[in-house]
Amino acid sequence: MTDFPALPRAFTPEQIQFRASVRRLMESEFAPQTARWREQGFVDPAAMTRLGAEGLLLLWAEEDYGGLGLRDLRFVQVLQEETVRACGAGFFHNAHSMLVGPYLDHFARPEQKARWLPGAVSGEVILGIAMTEPDTGSDLAAIRTKAEDMGDHWRLNGAKTFISYGVTGSLFVVAAKTGTGRGQISLFLVPSDAPGFSRGQHLKKIGLHEQDTGEILFTDLRLPKDALLGQEGQGFAHMTKLLAVERLMSAITSQAHAQTAFDLTHQYLLDRRAFGKPIGAFQNSRFRMAEMRAKLDAMQAFVDACVLEANEGALSPEASAAAKYATSVLEGEVMDQCLQFHGGMGFMEETRVARMWTDARIARIYAGTNEIMLEIIGRSLGLGDPRPAKPQ
């Protein structure tokens, strides 16, 4: 992201060239639209088809489905860094490609892939994932959405909230109970044009205004038997398998967002003058920027190492939790300091750093709250409660 990292980053010449082409596209075509997207509360679906036309959706998808077959996550990392740099964290195509798409990659049957992947690669099908419910939050075992086996079809009833692409999405991976016990969950592919599918509120957030978030509802929705994604009753196992990379995507975004704020503020400190000299010439400015520079460089090295581990299929839950936790905390620290440097203008919505400050707050909540991340890391240290639970 920056022109002066502490260490060179491990990108191939092809990936460096890829970065340059993505940067040109983001700056010329998408960045000018972000203000309008924020005002209307969603990214135009046409932006997704434009990305698809450039081959930038589901980079990992095989050529048989219209993809490029690029499974080196460094390409995804470059794409996400340049998206955040030019457009912000709210251009959420990464959710389509790397949070939802991998469910099709790992668990879909060949006929399901043939039906849905070409449209997802082209951007004509926008993917969302529907897990969270109004009364469950992080406790997915307590979901109430239910899929009943009716013999020749499934009957789906329930409600989901905080759904990314809940307003514009056209195909959702839905978690639903398929048994009477706690946690007996299965995954289903649910198109938005299915009878019984409806959309609830377009939810208003304090940040990420261009990333549409909504409610979706299922009322006696009839699904064919082949809508089941993966194995019945294995929804938790399927979700767990993909969590490490999902949290790495969050870490990549937080790191890129923080780095972008730093770069914007660095330039501001060079340009803005007070008491006859640039603001950056004051010792406090130099020291605070130096502190952020050191932390950002150290964190970037950690994130890059996690990407390489993920490429080998070796990224552990603990490492991904640590990356998600640490980058989101640093992101918050950097945003707050950068806003402070901008003074009163930093509190004005017209200033990009102000918008970034509000956008950054969700990073400590989504993809598993930071408290959950600390629990995962703490248990890996052997610090879980060794006492058996007392009878209630």
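Colleague: Is Tyr165 buried or exposed?
Modeller: Tyr165 has a relative accessible area of 5%, so it is buried; buried means under 20% relative accessible area, exposed over 50%, and partly exposed in between, with a 1.4 Å probe and protein chains only. This is a predicted model, where local features need pLDDT of at least 70, side-chain atom pairs count only at pLDDT 80 or more, and totals for chains, interfaces and linings use all residues. Residues are numbered from 1 along each chain as its sequence is written, and side-chain values use heavy atoms, with hydrogens and water left out.

Colleague: Where is Tyr165?
Modeller: Tyr165 is in the loop between β3 (153-164) and β4 (171-177). Helices (H or I, at least four residues) and strands (E, at least two) are DSSP runs, numbered from the N terminus.

Colleague: What about phi of Tyr165?
Modeller: Tyr165 is not a glycine, yet its phi is positive, about 65°. Most residues other than glycine have a negative phi.

Colleague: Which side chains make polar contacts with the side chain of Thr213?
Modeller: One is Lys205, at 3.2 Å, and another is Gln211, at 3.3 Å. A polar contact is a pair of N or O atoms within 3.5 Å; within protein, one must be able to donate a hydrogen and the other to accept it, and residues adjacent in sequence count only if both atoms are side-chain atoms.

Colleague: And what is Thr213 in contact with, leaving aside neighbours within four places in sequence?
Modeller: Phe162, Ile163, Val167, Gln201, His202, Leu203 and Lys205. Contact means heavy atoms within 4.5 Å.

Colleague: Switching to helices: how do α1 and α3 pack?
Modeller: Helix α1 (residues 13-30) and helix α3 (residues 45-53) pack at an angle of about 150°, with their axes 13 Å apart. The axes are lines fitted to C-alpha atoms, for helices over the stretch in contact, and angles run from 0 to 180 degrees between N-to-C directions. The two helices, α1 and α3, are therefore roughly antiparallel. Angles under 35 degrees count as roughly parallel, over 145 as roughly antiparallel, 65 to 115 as roughly perpendicular and the rest as oblique.

Colleague: Which residues of α1 and α3 meet?
Modeller: From α1, Leu25, Met26, Glu29 and Phe30 meet Ala47, Arg50 and Leu51 of α3. By class, that contact of α1 with α3 has five nonpolar, no polar and two charged residues. Here Ala, Val, Leu, Ile, Met, Phe, Trp, Tyr, Cys and Pro count as nonpolar, Asp, Glu, Lys and Arg as charged, and the others, Gly among them, as polar.

Colleague: Now α7, how does it pack with α10?
Modeller: Helix α7 (residues 235-271) and α10 pack at an angle of about 160°, with axes 11 Å apart. That makes α7 roughly antiparallel to α10.

Colleague: Which residues meet there, in α7 and α10?
Modeller: His257, Thr260, Ala261, Leu264 and Thr265 in α7 meet Arg352, Val353, Met356, Asp359 and Ala360 in α10. The contact of α7 with α10 has five nonpolar, three polar and two charged residues.

Colleague: Are α7 and α9 parallel or antiparallel?
Modeller: Roughly parallel: α7 and helix α9 (residues 317-341) pack at an angle of about 20°, with their axes 8 Å apart. The residues of the contact of α7 with α9 divide into 13 nonpolar, eight polar and three charged.

Colleague: Last one, where is Leu57, and is it buried or exposed?
Modeller: Leu57 is in the loop between α3 and α4 (73-87). With a relative accessible area of 1%, Leu57 is buried. Leaving aside neighbours within four places in sequence, Leu57 has contacts including Met48, Leu51, His93 and His96. Leu57 and His96 are 39 residues apart in sequence and 7.8 Å apart in space, C-alpha to C-alpha.
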